[in-house]
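Please open the model in a viewer and keep the selection tool at hand.

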Amino acid sequence: ILTRSALLRSDFAKAIELSDKLLATKPKPSIEVQTLSVKGQVQQAQARETGDAKLYDGALLTYKILRDRYGDSAEAEEAWFASGQILGGRDPQKAITELTGFIGRYAGKEGKSPRTKDNIPAAKYLLGTAYQAANQRDKAIETWRQLYESEPESKSAPGAYFKVFDALREKKDDAGALKLMEEFVAKFPKHENVYYAYNNMAEFLLSGALDPKKGPDVETGAKKLYDYLDYEIANDIKPRRGDGSLMKISGAWLKELPKPLYISLNDAQKQQWQRAVDGVTAAIERLLKDYPDSDRIAEALERLMTVQSAKRKAQKVNAAQIEEYFQKLAADYGKTPVVKAKIDVALASFIHENDPKRAFKVMDDAFRAVPQPVKVRDAEGNERTAATFAPTDFDRFMAGLFDAKRNDDLTKNIARIREEYPLREGEDPAKNARVADAQAVGLFWEAKLLQEQG
């Protein structure tokens, strides 16, 4: 009992010490088998936490002793599975032997351990992974398929679908991969990973991978993602990931926006231009409506401003109409100080070109309305600092603060942009353009401030 308690507290050294002391007394078999089992679990848990290969060797040795001495026990069944689990990450061929033997012995049968029923599908999942690591992709696919077809209610079945999906992608079987995701949605409509299934289906269409000659099918791909949104909201799926889908839709439509001047487009291109503008607008407005807590609103509003600017250049709207549009957005969706501030800052970015002083006043009011970075919880429930405003918004605002000689406020906002767009240790800023832009803005205004202060 004390050894198990130490294991639960992750006090591995104490758990090993207690196990060895007990084993040294040459206890009766019923005690020895339990102690060997716990010792193996402790070594395996410690190895998993530290990554120390020698601890894995120790766990394998402990499990071997247990299986050799008490091969017909419930603990031996669990040790057999655990051995295959460890070998899966170290020696695929040995893992294949262990896991195949374990599955052959207990599949469809009653084991002595109550865990064996759940360990069988888990062992099949691990076996597929071992086959994949051993470059036996077809056997891996066959094993995973057999898992989700024969034991669809197991915890391992959903993950097996995605393993097969990845393998089919590697084989360039996009049609088969798409069909598999459709099957997943039908089979597990409320699974936490249904978002990724819809996302994968949409990606085939948005990228044009299914028919390279035809190219991207943005309308159909967007419909797949809207289907997910409707489903997520109707069924209150947690965690909510629909804002990511809407950003994907808006990004896809933005790429479809013809680059030449509107006046030079032919009729077909003008129709495409209108579809792209409408597509981006609909996606961002839906994000504001259904995901007001999303930390991607500032980025979304940048895209909305891009299409509004495109409409102005095409002489579809004038400056007054754009301003009126953003004011209406604020009235319709700015139900919280944070969302309203973000919409106001987006409007200020438009006003800035013709009236910098007025734009700065709007931004100043917005930043005062949200004086501190906002904390949010991500899809996994972890709290983090959200990006309140876009890097370009900070840049414009800090320029105004500099001109107004509000150095204390400028210093605070330099710190704030770094907090909202942190450069984490070991992270390559080149792989995250928004973080790189934000860090550059902070450095620029810090240098300007230092220069000003002599």
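Begin by selecting Phe326 and Ile343: among the 68 residues of the largest nonpolar core, these two touch the most other members. A nonpolar core is a set of buried Ala, Val, Leu, Ile, Met, Phe, Trp, Tyr and Cys residues joined through side-chain atoms within 4.5 Å. Buried means under 20% relative accessible area, exposed over 50%, and partly exposed in between (1.4 Å probe, protein chains only). Helix α17 (residues 337-351) contributes the most to this core, namely nine residues. Helices (H or I, at least four residues) and strands (E, at least two) are DSSP runs, numbered from the N terminus. Apart from this core lies another, of 59 residues, which includes Tyr63, Ala95, Tyr106 and Val164. In soluble globular proteins, nonpolar side chains tend to be buried together.

The model is predicted: local features need pLDDT of at least 70, side-chain atom pairs count only at pLDDT 80 or more, and totals for chains, interfaces and linings use all residues. Residues are numbered from 1 along each chain as its sequence is written, and side-chain values use heavy atoms, with hydrogens and water left out.

Return to Ile343 and display its surroundings. Which residues is Ile343 in contact with, leaving aside its neighbours within four places in sequence? They are Leu288, Leu301, Phe326, Leu329, Ala330, Tyr333 and Gly334, where contact means heavy atoms within 4.5 Å.

Next, select Asp243, Ser294, Asp295, Arg296 and Arg384, which lie nearest the centre of the largest pocket, out of 34 lining residues. A pocket, on a 1 Å grid over the protein atoms alone, is an open set of points where a 1.4 Å probe fits, with protein on both sides within 12 Å along at least five of seven lines; lining residues have an atom within 4 Å of a point. The volume of this pocket is about 940 Å³, a volume being the space filled by probe spheres set on the points, which are joined across faces, edges and corners. At least two lining residues come from each of α11 (194-207), α13 (242-255), α15 (297-313), β1 (375-377), β2 (383-385) and α21 (433-452). The lining comprises 17 charged, 13 nonpolar and four polar residues. Here Ala, Val, Leu, Ile, Met, Phe, Trp, Tyr, Cys and Pro count as nonpolar, Asp, Glu, Lys and Arg as charged, and the others, Gly among them, as polar.

Move to the second largest pocket, with a volume of about 390 Å³. Of its 18 lining residues, Ser37, Gln41, Tyr63, Glu78 and Arg115 lie nearest the centre. The largest share of this lining, seven residues, belongs to α5.

Now select α12 (218-234). Its buried residues include Val218, Leu225 and Tyr231, and the buried residues of α12 pack against α11, α13 and α14 (267-290). Just after this helix, Asp236 has a positive phi of about 50°. Continue to Pro239, in the loop between α12 and α13; the peptide bond from Lys238 to Pro239 is cis, with omega near -5°.

Finally, visit two loops. Lys172, between α9 (157-170) and α10 (174-187), has a positive phi of about 65° although it is not a glycine. Is Lys172 buried or exposed? Lys172 is exposed, with a relative accessible area of 69%. Gln315 lies in the loop between α15 and α16 (319-333); its phi is near 60°, and Gln315 is exposed, at 74% relative accessibility.
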